[in-house]
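Thanks for coming. I will talk through a few parts of one structure, so please have the sequence and the model open.

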Amino acid sequence: IHDYLSETSAAIAGTLRIIADSAHHVTDILRVFRTRYPKVTVSLRVGNTGQILEELRSYNAEIGVAGSPSPGKDMDALDLGATEIIGFASKDLLATGQTSVTLKELSKLPLIFRELGSKTREKLVQEAAKQRISLTPIIEAEGREAVREVVASGAGIGFVSVAEFVHDERLVPLKIDGLDITMSESLVHLTQRRDVKVIRAFMDCAKMVQSAKKTLPGDETGKGDTL
């Protein structure tokens, strides 16, 4: 009923519910969307990829930001790009000046993982297994922010994509030698809801922002600078 009324109203209003694995990926889009559609209230929650897709399919959210380039045949997806997966640790945990670590070294260090359902965790563990290396966490924390705080305390090493690494004076990024995996991010929604006015409006803003990033001068990677 709410969708029908939104479709037949003269102006776009109501609520847009977004669930993302990291709010970082939608901040530029949200700024453009809020400027264009000030009558829409935006609700933003955080979850892992599994939770995001489940919430979309349960009609508990309109838009998702998920670490999955192929969320399913029932979803429309807009590619937001991909960046390398890295480790990060507190400055006091490793040797001064250390900027990289191998998978073999990681297997002997205390690791902090996100909960099951995290694509970053899944990709890391799968790639290590291919190299016959087992990575076992000493702590599982729900949500990226929780992982960051546990790592900042000096408890162990966490993992994140470069795009999602938050510069924090307590933390240092670590390149993982011998590991070549990236985390793709996609903006997703149910295909059957593509004509809901507020969803269509948000996706149009997202496409405009992505197009602008790809055409910024001097940007050959397609990532661009923050608008």
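L78 stands opposite L187, a residue of strand β10. Please keep in mind that what you see is a predicted model.

Which residue of β10 is the bridge partner of V65? That partner is L187. The strand involved here is β3, residues 63-66, and β3 runs antiparallel to β10, with three bridges joining them. So much for the partners.

Now β10 itself, which spans residues 182-190. How many of its nine residues are buried? Eight of them are, and the strand is mostly covered.

Let me move on to the helices. Two packed helices are described by the angle between their axes and by the distance between those axes. Take helix α2, residues 27-36, and helix α7, residues 197-214: their axes come within 9 Å and cross at roughly 125°. Because of that angle, α2 is oblique to α7. The crossing of α2 and α7 is right-handed.

Which residues make the contact? On the α2 side they are D28, I29, L30, V32, F33 and R36. On the α7 side they are V198, A201, F202, C205, A206, M208, V209 and K213. By type, eleven residues of this contact are nonpolar and three are charged, with no polar ones.

How values were computed
Residues numbered from 1 in each chain as written. Predicted model: local features only at pLDDT ≥ 70, side-chain atom pairs only at ≥ 80, totals over all residues. Heavy atoms only, no water. Axes fitted to C-alpha atoms, helices over the stretch in contact; angles between N-to-C directions. Helix = DSSP H or I, 4+ residues; strand = E, 2+ residues; numbered from the N terminus. Parallel < 35°, antiparallel > 145°, perpendicular 65-115°, else oblique. Left-handed = near helix turned anticlockwise from the far one by under 90°. Contact = heavy atoms within 4.5 Å. Nonpolar A, V, L, I, M, F, W, Y, C, P; charged D, E, K, R; others polar. Buried < 20%, exposed > 50% of the residue type's maximum accessible area, 1.4 Å probe, protein only. Pairing = 2+ DSSP bridges.
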